[in-house]
Amino acid sequence: MMERMFREAAPKLGPELDPAFRPASLWNRAFARAVQESGQAVPFALALERDGGQVSVFRTHLFPSGQKPEWDAANWLYVERLVKCLLWVRGGWKLIVGGAPRLGAQLQEAYAPGGLRAFDEEFMARVYERPFQVELVAYDQVPEPYERAEQVGGHFAGCRIGFDAGGSDRKVAALVDGEVVFADETVWHPKLAEDPEYHFAGIMDSLKRAAARLPRVDALGVSSAGIYINNRTMVASLFLKVPQDLFEAKVKDIYLRAAKELGNVPVVVRNDGDVTALAGAAALEDSRVLGIAMGTSEAAGYVDAAGSLTGWLNELAFVPVDYNPEAMVDEWSGDYGCGVKYFSQDAVIKLAPAAGIELDQTLTPAEKLAVVQKLVAEGDQEVQKIFASIGRYLGYGVAHYADYYDLKHVLILGRVTSGQGGVLIKEHAEEVLKVEFPELAHIQFHLPEESDRRVGQAIAAAGLAPLA
């Protein structure tokens with residue numbers, strides 16, 4: 001049965017440079033068909049509780065447990081990957097498993113310290129500052145959903161600075177009543193620095209140069225990779241090398257310190273993916289927007305049908321999009337097939353050898369990406385296959401994301417989408433939805449103007465903070 005489902009998950013428009021790719025979207029559909037065809041579908045639910053008592057619920061069906069080994073194996077792959085997806089899309093400190101107690105016990109073991117998903121368990125405990133739990137209940141005892149959304153951004157009156165902190169570069173924009181008067185991009189290496197003063201000095205360097213172009217600074221908005229609660233840094237790969245004691249002392253309030261340096265101005269800090277989505281919703285004058293920034297990692301954010309942010313994590317870098325068990329492993333989480341290896345500069349570097357490119361290993365990842373983009377600009381047909389393959393990844397990835405988000409628009413930007421590469425990504429993603437998922441062909445992909453692909457998040461971030 002597992003062999004059959006993996007066979008059915010073979011894509012019609014698979015990435016040319018990665019023929020072993022098995023999209024999560026197709027495997028999950030094959031599983032759902034097999035469950036229904038068995039005539040013995042059993043209801044199953046998962047709930048995730050996060051800050052403020054909010055609860056997200058996902059309901060589905062499984063094979064009955066303990067009847068056939070192949071059913072149990074299929075159930076486990078489906079549920080284990082599903083929990084991983086839900087956890088990084090929605091977030092939570094407690095997982096409530098409704099029904100299938102045998103699977104629930106397996107999940108308890110996987111999400112225990114030292115278990116299969118110890119990284120995820122430890123990460124969520126850090127984000128929500130409480131131990132991660134897996135609770136088993138009957139299907140009919142799963143709590144009802146409770147979600148709170150909020151309206152954010154769109155404040156452009158006055159003299160403002162927007163700052164976007166990425167893993168390879170930092171960007172800043174100065175605006176006066178919504179008009180950009182200064183924009184700048186600076187290469188830096190935050191993931192390699194152990195001393196948080198390196199990060200703070202880099203932040204202040206960009207902010208001070210922007211402030212010098214303004215008569216005054218009324219507000220600061222920050223778009224930054226990581227997870228932020230009340231403008232404080234909870235977890236962020238930008239500070240990967242910073243020891244925990246220094247993280248607590250110097251990093252958690254790093255942007256609050258920066259705002260104080262600028263004259264104690266109002267500040268709002270948001271995950272860079274959320275800012276991408278807000279920028280897209282504002283430009284499109286619409287909602288149901290998923291923003292995906294492809295840079296050092298994959299950052300994502302979502303604006304719902306009401307034009308609000310959901311409060312979900314939207315950490316799609318950790319969401320599995322490839323169920324090929326031999327897929328590349330993410331060094332940080334230790335898991336395979338995760339989005340970071342498909343929608344970031346890592347994807348370009350991963351696919352380069354298959355396109356016949358040997359990259360100088362002394363170069364930084366950003367420099368390797370620049371080499372590949374230069375070859376694309378020069379018309380190298382083989383190298384174009386890299387970005388066409390990423391586009392195929394994206395089409396199947398968006399079909400998977402559509403199981404968790406109500407989507408009308410997908411905005412793609414970030415360093416990887418610069419130049420002709422971004423055009424190829426968009427074209428091939430659209431083709432996948434049209435051919436493989438016609439029911440999702442209403443989803444529109446958008447690629448901003450070239451300048452906005454690079455500094456658009458900084459500009460959008462400038463409008464985050466209301467004036468005092």
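I began with a term: a crossing is left-handed if the near helix is turned anticlockwise from the far one by less than a right angle, and right-handed if clockwise. My model is predicted, so local features need pLDDT of at least 70 and side-chain atom pairs 80 or more, while totals for chains, interfaces and linings use all residues. Residues are numbered from 1 along each chain as its sequence is written, and side-chain values use heavy atoms, without hydrogens and water.

**Entry: the helix pair**

I looked up helix 3 and helix 5 (residues 118-128), and found that their crossing is left-handed. Helices here are DSSP runs (H or I, at least four residues) and strands are too (E, at least two), numbered from the N terminus. The two axes come within 12 Å and cross at roughly 20 degrees; axes are lines fitted to C-alpha atoms over the stretch in contact, with angles from 0 to 180 degrees between N-to-C directions. Helix 3 and helix 5 are therefore roughly parallel (angles under 35 degrees).

Which residues of helix 3 meet helix 5? I noted K84, L87, W88 and R90, which meet F119, D120, F123, M124 and Y128 (contact: heavy atoms within 4.5 Å).

**Entry: the cavity**

I found one cavity of 30 Å³ or more. A cavity is a set of points on a 1 Å grid over the protein atoms alone where a 1.4 Å probe fits but cannot get out; lining residues have an atom within 4 Å of a point. The largest cavity holds about 40 Å³, the volume being the space filled by probe spheres set on the points. I listed its lining as L46, A47, L48, S56, V57, F58, L86 and R90. Strand 1 (42-49), strand 2 (55-62) and helix 3 (69-90) each give two or more of these residues.

Conventions
1 Å grid on protein atoms, 1.4 Å probe; cavity = no way out; pocket = protein on both sides within 12 Å on 5 of 7 lines; lining within 4 Å. Parallel < 35°, antiparallel > 145°, perpendicular 65-115°, else oblique.
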